[in-house]
Amino acid sequence: MRLPRSPTIPAMASPTTAWSIAPEPFDSPVAAALWRAYYTEVSDRWYLLHEGRPTDPDELEREIAANTGDRLAPPDGVLLVARYAGEPAGTAGVRLLAPATAELKRVYLRADARGKGGAALLVTAAEDRARRLGARRIVLDTRADLVEARALYARLGYEESEPHNDDPYADHWFTKTLVRSAAPTGGRPAVGRAGTRRPNRTSRR
């Protein structure tokens with residue numbers, strides 16, 4: 001099924017690929033469709049590994065609806081959508097945990113868009129957005145079974161670190177110092193971490 005298109009937003013296009021990456025409202029139809037695909041995949045993967053079954057449909061709908069993505073809204077966050085040949089293909093988000101620390105969230109590529117260089121482009125674009133928000137480092141957490149994600153982060157210069165949250169599903173935590181290439185623009189320091197809600201299996205990419 002083709003994902004709906006969102007209103008045109010000026011995009012950051014890669015000169016060597018068919019990828020483009022641009023900010024997207026967290027509650028747009030495109031963002032919602034990608035979030036559903038992302039959550040379904042990683043939740044099913046967890047349940048199949050640990051319980052030999054996919055996610056219960058009622059739980060799936062409940063958790064998708066509960067995590068609206070509003071923490072990735074300006075001024076202290078941003079959601080990016082990657083498009084391949086013009087079609088929505090993936091997401092990455094950042095939000096400020098503290099004035100100098102950003103968190104990487106919702107890094108995802110549709111299965112048919114993988115292996116084409118989009119993941120590194122998405123993470124790099126998210127890091128740039130974190131710098132614009134004033135962050136000097138970026139952190140993330142992930143699950144032990146998501147070995148592809150862990151390999152990607154290691155390749156991009158992330159190092160395993162002490163836990164920065166108490167997510168009961170997180171197995172690995174990573175951090176990376178952001179080398180500032182230009183003065184930050186836009187955004188404003190966060191006054192604190194947003195409120196928490198019941199943990200879910202997608203807290204780790």
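Trainee: Which residues on the other side of α2 are exposed?
Mentor: Exposed means over 50% relative accessible area, buried means under 20%, and partly exposed lies in between, with a 1.4 Å probe and protein chains only. In α2 the exposed residues on that side are Pro57, Asp58 and Ala65. This is a predicted model, in which local features need pLDDT of at least 70 and side-chain atom pairs count only at pLDDT 80 or more, while totals for chains, interfaces and linings use all residues. Residues are numbered from 1 along each chain as its sequence is written, and side-chain values use heavy atoms, with hydrogens and water left out.

Trainee: Which residues of α2 are buried?
Mentor: Helix α2 spans residues 57-66, and its buried residues are Glu59, Leu60, Glu63 and Ile64. Viewed down the axis of α2, these buried residues fall within an arc of 125° (taken from the directions from the helix axis to the C-beta atoms), so they line one face of the helix.

Trainee: What covers the buried residues of α2?
Mentor: The cover includes α1, residues 29-51, where contact means heavy atoms within 4.5 Å.

Trainee: Which atoms come together at the start of α2?
Mentor: There, a side-chain oxygen of aspartate 56 reaches to within 3.1 Å of the backbone nitrogen of aspartate 58.

Trainee: How many helices and strands does the protein chain have?
Mentor: Helices (H or I, at least four residues) and strands (E, at least two) are DSSP runs, numbered from the N terminus. The protein chain has four helices and eight strands, and 47% of its 205 residues count as buried.

Notes. Polar contact = N/O pair within 3.5 Å; in protein donor to acceptor, adjacent residues only side chain to side chain.
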